[in-house]
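Hi,

Here's the structure I promised to pass on. Have a look at it first, and then read my notes below.

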Amino acid sequence: VNRNALGVEMTKIVGNRQLRKRIHVNIAHVRKSRCNESFLRRVKENDQKKRDAKILGVKADVKRHPEGPKEMKIVKATEDDVEVLAPLPFIENYF
């Protein structure tokens, strides 16, 4: 196992015999990618929304919308808890 590869043993037919070979294979070629699952799930949900809206006689809104800003929160701290970070002063050292 490497940073981006995986060792695989396979058999190769050479003449009338099978040789066992060891090769490095990219992990993307060994494991099926799951990057398309959320898209397919969203397509099914959108189709269902469109069918329901058609039955009700309204237009379905199936567009994606951004989340927007996060909710506000207030952090309370005492003077002792606050630590001011500043760079150390430069000291010239001539030996």
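To start with, is Arg20 buried or exposed? Arg20 is exposed, because its relative accessible area is 63%, and the cut-off for exposed is over 50%. Keep in mind that this is a predicted model.

Now for the strands. Strand 1 covers residues 5-14 and strand 2 covers residues 17-26, and they pair in the antiparallel sense over ten bridges. The hairpin they form has two residues between the strands, and Gly15 there takes a positive phi near 70 degrees. Across the pairing, Glu9 has Arg22 as its bridge partner in strand 2.

Next, the salt bridges. Side chains of opposite charge can pair when their charged atoms come close. There are three salt bridges in the structure.

One of them joins the side chains of Glu9 and Arg20, at 3.6 Å from N to O. Glu9 sits in strand 1 and Arg20 in strand 2, so this pair ties together parts that are eleven residues apart in sequence.

Glu9 also forms a salt bridge with Arg22, where the closest N and O atoms are 2.8 Å apart. That pair links distant parts of the chain too, with Arg22 in strand 2 and Glu9 in strand 1, 13 residues apart. So Glu9, Arg20 and Arg22 end up linked in a network of salt bridges. Glu9 counts as partly exposed at 45% relative accessibility, while Arg22 counts as exposed at 69%.

Then there's Glu37, whose side chain meets that of Arg34 in a salt bridge (3.1 Å, N to O). Glu37 is partly exposed at 43% relative accessibility, and Arg34 is exposed at 62%.

Cheers

Notes:
Residues are numbered from 1 along each chain as its sequence is written. This is a predicted model: local features need pLDDT of at least 70, side-chain atom pairs count only at pLDDT 80 or more; totals for chains, interfaces and linings use all residues. Side-chain values use heavy atoms; hydrogens and water are left out. Two strands pair if DSSP finds at least two bridges between them. Helices (H or I, at least four residues) and strands (E, at least two) are DSSP runs, numbered from the N terminus. A salt bridge is a side-chain nitrogen of Lys or Arg within 4 Å of a carboxyl oxygen of Asp or Glu. Buried means under 20% relative accessible area, exposed over 50%, partly exposed in between (1.4 Å probe, protein chains only).
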